[in-house]
Amino acid sequence: MKDWSHIEKRWVGALFGAMIPAHPHKKLPSLQEIETSSFWERFDRVAPTQLRLGLRLGVWIFTWLPIFLPRFRRRFHRMSPDKQTRFLYAMANSRSFVLRQIASTLKLFACLAYLQDPNVRDQVTRLADQTIPSEKISVKLATKTTG
Amino acid sequence: MYEDLAHAIFDGSQLAKEQTLRADAVVVGSGPGGATVARDLAMAGLRVVLLEEGRLWLPQEFPPDAWTANAELYRNVGATLAMGNLPLPLVQGCAVGGTSVINGAISWRLPKDVHQEWLDDDPKLAETLPWEAVSQSLDRVEQDLHIHPTPEEISGPNNLLLGKGAQALGYEHRPISRNVRGCRGLGRCMQGCPEGHKLSMDRTYIPEALQHQALLYHSVCAKRILHRNQNVEGIEAQTKGGGRLAIHAPRVIIAAGALHSPLLLWKSGLRHPMLGKAFQCHPGVGITGRFPTPVRMWEGATQGHEVTGLRREGIKVEALGFDMSFVASRLKSFGEELSHDIADLVYWANWGAAIRAEARGSVKPSWTGQPKVSYSLTKNDLTKIRRGIRVMGEIMLAAGASFVYPGIHNWDEKVSDPKRFSTLEQEVPLHPKYFNALATHLFGTCRLHSDPQKGVIDTNFQTHTTKGLFVSDASIFPSNTGVNPQTSIVALAHLCAASILQEN
């Protein structure tokens, strides 16, 4: 991301923020609120060229594509949160395989960036600890095995 | 474990000069194939140099989260793509110990019927690779790597639910046998075991090799096989610190995996009509489901239970203990709904089906010097994928899931009625882009065959073209196996080492 322009960084921030907004009731921050510089530093260092180009292209496409769609008519970061979410759902279910792949790749990186943050991981674990105990399961083993 | 072996370990990131070494054998790649040969040759008294492109990690250094692990321990962040009718990410490790460091520790014996298929294709294999020899070697691996079924107390709900559902529907199932000792079910196999309880190569055969005078050079990338007049002479390598390493040896064993082994032969000017051809893998598809009670997918044995009853159909279903981030990325939601789902991540489960695909592809060097993989699934493969999803969905609902995301484009996004799955195979076309898959277990690109026209490697694991040049990884497998190949790779690597020593 070191060679990304300031404006491209804003675009990816908007996309990631729209994918994972805050959940105040459960004390989970939005992806835009957490520190992701170490995530991007590592990405710059290790991601292969095709992945870096693909992610950047995906950010451009998802930023500009809504302008050409009658339902949206604005660049992604200029849309309301509600429309941003609807756009992301539309892309994830698009007839175009490429758009579906961009949606799932951006989401994968958003989740990786979000859940690499130790505070977020701690909070998800805390929320898990507050739930009811797991079901007691005992499995009777199959007698026959396929070798 | 490595404290007393520091004298035998060299970090390539600290080597900036030219260095020349002499050895009896040099092994390229420290995964299951390379580590095994290095250990056996060192124990027989040969001076062995083991090269590894990735770095050496100690258990306490393994990262807890998937991103850091993928970035540091996986080749190309796990984003090497096979291009064809469905682009498939290919997952491989890149660290001392190779993929054994980041796999789920699943340990399967080579199925006898797969071995028989190999003999049917090449009857001469019966002389050098008879079932008895393979079977004995598998026994030895099971003992060395402490391979045992996963105990129920460390399975965790994700694994046990798979067993419960399979049992309810009458599918044959069992706890997965894994190469671990003292596993507490931390669910971190795929990020490297932080307690060193997975008996990966970096915890077993590599230290044993070093105790027998082998030298390990990590963070070093082999660039060229040195050879003259059809005789191997050594390896030329580049260190991460910018240095150059020349290792002269009369025996070179390539064990860089099914993508990089053929590439290294290719870059070294070694040509063969079958080099890089016959590529096979195990494409895998996953489904996600929400349970009414906590699953805690990131806890318990990473992969502790499997459905074995469909193996002969080419389908193997297994529980997948992913890190939180992968669980979240597989949910269908975006925005506030995704934030809610992440808050409730404890209720989600993810299982996968690995397919014994019949498709064959190819590996060639691309313009960047990296492997270019071409691979397209056949109709039969897609039929298996579709059936795998149906079976997993039915099992998940039988195990008590409230609903399941089958992950198929243009079909029901969410299924809560098991009857819907009974029509899946009629309603979903065999269109590759309707599915999402990735591939593990890569095979066949330096195929073993007694006929020099049909295989790159002869039945003694030596290349048909160059004396002293051996290959010892899954690239030599005549076909994919339909099961996790680590145990088979190690078993065949023991036989490869025995063959080298016999020739010696």
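**Briefing on the predicted model: chains A and B**

Chain A has a mean pLDDT of 91, and 95% of its residues reach 70 or more; pLDDT is the predictor's confidence in each residue, from 0 to 100. This is a predicted model, in which local features need pLDDT of at least 70 and side-chain atom pairs count only at pLDDT 80 or more, while totals for chains, interfaces and linings use all residues. Residues are numbered from 1 along each chain as its sequence is written, and chains are lettered from A and ligands numbered from 1 in the order in which they are written.

**Sheet in chain B**
- An open sheet of six strands (E in DSSP, at least two residues) has the order β1-β10-β4-β3-β14-β23 in chain B, with parallel pairing; two strands pair if DSSP finds at least two bridges between them.
- At the edges are β1 (9-11) and β23 (469-471) of chain B, each pairing on one side only.
- Strand β3 (residues 25-28) of chain B is joined by three bridges to strand β14 (residues 252-254) of chain B, and B:Val27 stands opposite B:Ile253 in β14(B).

**Helix packing in chain B**
- Helices (H or I, at least four residues) α6 (residues 156-169) and α11 (residues 379-398) of chain B pack at an angle of about 100°, with their axes 7 Å apart.
- α6(B) and α11(B) are therefore roughly perpendicular to each other (65 to 115 degrees).

- Over residues 143-147 of chain A, pLDDT stays under 50.
- Where pLDDT is low, the predicted coordinates should not be read in detail.

Note on methods:
Axes fitted to C-alpha atoms, helices over the stretch in contact; angles between N-to-C directions. Parallel < 35°, antiparallel > 145°, perpendicular 65-115°, else oblique. Contact = placed C-beta atoms within 7 Å.
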